[in-house]
Amino acid sequence: MGAVPLRRLPTTAGDPVLGEVRDGTPAAQWHWDEVDRLPPGAVPLLTGDDCPHQAFRVGSACWAVQFHPEVGGEAVAVWAAADDEYVREAGADPEAVVNAVRDVEPELRRGWGAVSEAWGAVVLAFAATAAITTVLDIPAARSL
């Protein structure tokens with residue numbers, strides 16, 4: 001829980017969505033369950049001390065993350081209040097967890113905002129390709 005630094009794996013280089021994530025980029029993490037093994041064919045992209053499978057890709061159009069690139073301190077504060085008892089049972093201080101995320105919020109916005117833009121570019125490129133193949137009636141491209 002809280003703000004955790006992520007590490008790039010060699011396979012991150014060249015990835016169209018996560019390829020520009022810098023080593024050590026913080027992420028907001030909040031989960032009670034985690035991915036403990038990757039699906040067949042998955043490409044691991046980011047790792048961390050608490051969770052080895054922080055991000056991975058399956059195929060050319062499916063990315064998965066274990067952390068929450070979409071949140072900042074306010075959302076984590078709501079989660080901490082709702083899960084206060086569980087956070088304490090896990091040995092953490094809810095207020096410290098929230099403060100850790102708030103402390104790196106500018107980095108979260110900058111880093112994960114860029115990832116959001118990269119993902120949007122992939123979606124737009126895929127949509128353009130799908131539109132062209134639909135107009136040209138190319139069946140193989142529709143099955144991507």
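These are my notebook entries on a few features I looked up in this structure, which is a predicted model.

**Entry 1: the chain overall**

I began with the elements of the protein chain and found five helices and six strands. Reading from the N terminus on, I noted their order as β-β-β-β-β-β-α-α-α-α-α. I then looked up burial, and buried residues make up 34% of the 144 residues in the protein chain. For the contacts with a separation of 6 or more, I noted that 56% are accounted for by residues 24 or more positions apart.

**Entry 2: helices α1 and α3**

Next I turned to helix α1, which covers residues 73–82, and helix α3, which covers residues 94–103; their axes come within 8 Å and cross at roughly 170 degrees. Angles over 145 degrees count as roughly antiparallel, and therefore α1 is roughly antiparallel to α3. I also recorded the hand of this crossing, which is right-handed. On the α1 side I listed Gly73, Glu74, Val76, Ala77 and Ala80 as the residues that make the contact, and on the α3 side Pro94, Val97, Val98, Val101 and Arg102.

**Entry 3: Ala3**

I then went to strand β1, residues 2–5, where Ala3 has its place.

**Entry 4: Thr12**

My last stop was Thr12, which I located in the loop between β2 (7–8) and β3 (26–29). How is Thr12 classed by its relative accessibility? The value is 0%, and so Thr12 counts as buried. Not counting residues up to four places away in sequence, I noted that Thr12 touches Leu18, Gly19, Leu45 and Leu46. Which backbone atom does the side chain of Thr12 reach? I found that this side chain reaches the backbone oxygen of Leu45, at 2.2 Å, and Leu45 is also among the residues that Thr12 touches.

Terms used. Residues numbered from 1 in each chain as written. Predicted model: local features only at pLDDT ≥ 70, side-chain atom pairs only at ≥ 80, totals over all residues. Heavy atoms only, no water. Axes fitted to C-alpha atoms, helices over the stretch in contact; angles between N-to-C directions. Helix = DSSP H or I, 4+ residues; strand = E, 2+ residues; numbered from the N terminus. Parallel < 35°, antiparallel > 145°, perpendicular 65-115°, else oblique. Left-handed = near helix turned anticlockwise from the far one by under 90°. Contact = heavy atoms within 4.5 Å. Buried < 20%, exposed > 50% of the residue type's maximum accessible area, 1.4 Å probe, protein only. Polar contact = N/O pair within 3.5 Å; in protein donor to acceptor, adjacent residues only side chain to side chain.
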